[in-house]
Amino acid sequence: MNPRRKKRLTIVSTIIIGLGVVAGLVLYALSQNIDLFYKPSEIYHGKEGTGLKAIDGQRLRIGGLVVPGSVHRDSESLKVSFKLADMTMPIAFSESDPTVTVSYDGILPDLFREGQGIVANGILVNGNTIEASEVLAKHDENYMPKELADDLGEQHVKPSYSQAQLDSKT
Amino acid sequence: MMWKWLHPYANPEVSYHFAGKLLPWCTRLAFIFLSVGMVWALLFAPADYQQGDTFRIFYLHVPAAMLSMGIYLGMAIAALSSLVWQLKLADASAAAMAPIGATFTFIALVTGAAWGKPMWGTWWIWDARLTSELILLFLYLGVIALHNAFEDKSLAGKAAGILALVGVINLPIIKYSVEWWNTLHQGATVGKLGQPSMSADMFWPFLVCFIGFSFFVTALICLRFRSEVLTRNSMRPWVRTLVANEENKHAI
């Protein structure tokens with residue numbers, strides 16, 4: 001390689017590496033803010049790394065798995081409450097998991113299931129309850145046909161609403 | 001030496017004709033793979049157990065997203081060789097790739113939003129994956145704008161090349177955003193080492209679609225590269241002869 005090209009290559013690679021390091025440091029410093037949501041355990045113990053805790057009245061997003069059997073739906077209205085536990089792979093629940101209660105008044109997304117990941121946006125009250133204004137379903141990266149899911153015993157029942165429940169919102 | 005083998009392609013005329021030879025083959029292969037893949041994916045692949053038929057947007061969204069990053073990498077490599085070795089043709093190919101990459105980024109964003117509305121419950125969320133992909137679109141638009149901002153093509157190529165190279169930092173951020181941070185976007189289904197997280201009868205049509213889209217992109221790049229080379233060399237005798245021959249062919 002002739003010296004001029006060598007010099008240009010050095011300059012270009014120095015700039016790229018330098019910017020890469022800068023971007024890395026910035027992202028590292030911002031890592032807590034780039035996280036889209038709190039995990040239920042982080043509501044109790046604070047964010048991993050910084051130990052930053054959410055305070056009552058703070059607007060935040062919470063992400064976790066809907067604890068099976070914890071979903072309570074009002075039969076007359078769209079009000080619903082359920083418990084969230086930390087997402088773990090493979091999916092498993094135990095009694096000792098820290099859980100956060102989410103209450104919500106609105107139509108749940110199609111993918112909402114017990115044992116499914118969701119992200120809720122709302123206000124923290126009483127230290128461990130979220131009054132959600134928005135509930136989003138978090139899909140996992142697994143795709144499979146219905147027959148295979150049946151064999152694995154995966155449940156796939158969509159939330160359904162009666163006309164009375166839908167009318168209560170308007 | 002590799003240089004001896006590559007050297008003839010530094011000549012615009014040779015590259016122009018080489019891209020011309022590649023073009024019909026890529027077009028044919030793209031047509032075959034895409035028609036087989038799309039029919040297979042949209043009509044015969046089994047529906048997902050939770051998402052039903054909505055998941056079929058996967059066969060457009062994932063190839064578009066993967067290619068949006070792949071094209072960017074190709075463009076950045078072309079930009080690097082044009083900056084360091086001052087290959088004029090590398091500049092032309094980077095300029096040819098930018099709008100194609102921008103289009104695929106746009107397709108990935110729009111199909112993702114269309115899937116997100118029924119599945120997640122929202123069109124858009126500022127999570128790390130979606131935001132970094134949006135930044136990729138802006139990088140492409142910046143590169144396109146710089147290529148067209150200067151009268152002098154080599155100056156424009158230099159400015160656009162620097163932006164393209166700086167933007168490479170965004171690629172690993174997009175790829176690993178779903179692992180580094182909590183995001184609403186799910187992790188990678190395909191493209192990670194080992195087994196894809198989907199059953200085989202859903203994965204094969206994806207692979208066929210992906211290969212089809214790759215050939216389609218190659219064909220588009222060849223097409224745009226040829227016209228870039230022609231506009232940049234419009235004063236050269238070989239282009240004039242070419243144009244004159246074409247005119248004779250069509251003039252009756």
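Which residues line the largest cavity? In this predicted model, local features need pLDDT of at least 70 and side-chain atom pairs count only at pLDDT 80 or more, while totals for chains, interfaces and linings use all residues. Residues are numbered from 1 along each chain as its sequence is written, chains are lettered from A and ligands numbered from 1 in the order in which they are written, and side-chain values use heavy atoms, without hydrogens and water.

The lining of the largest cavity is made up of Met75(B), Ala79(B), Ser82(B), Asp91(B), Ala94(B), Val143(B), His147(B), Gly157(B), Ala160(B), Gly161(B) and Ala164(B). Two or more of these residues come from each of helix 3 (58-84), helix 4 (88-119), helix 5 (128-147) and helix 6 (153-167) of chain B; helices are DSSP runs of H or I with at least four residues, numbered from the N terminus. Helix 6 of chain B gives the largest share, 4 residues. By class, the lining holds 6 nonpolar, 4 polar and 1 charged residues, where Ala, Val, Leu, Ile, Met, Phe, Trp, Tyr, Cys and Pro count as nonpolar, Asp, Glu, Lys and Arg as charged, and the others, Gly among them, as polar. About 30 Å³ of space lies in this cavity (on a 1 Å grid over the protein atoms alone, a set of points where a 1.4 Å probe fits but cannot get out, with lining residues having an atom within 4 Å of a point; the volume is the space filled by probe spheres set on the points, which are joined across faces, edges and corners).

The largest pocket (an open set of points with protein on both sides within 12 Å along at least five of seven lines) contains about 1500 Å³ of space. Among its 44 lining residues, Tyr9(B), Leu87(B), Leu89(B), Ala90(B) and Ser93(B) are the closest to its centre. Helix 8 of chain B gives the largest share of this lining, 8 residues.
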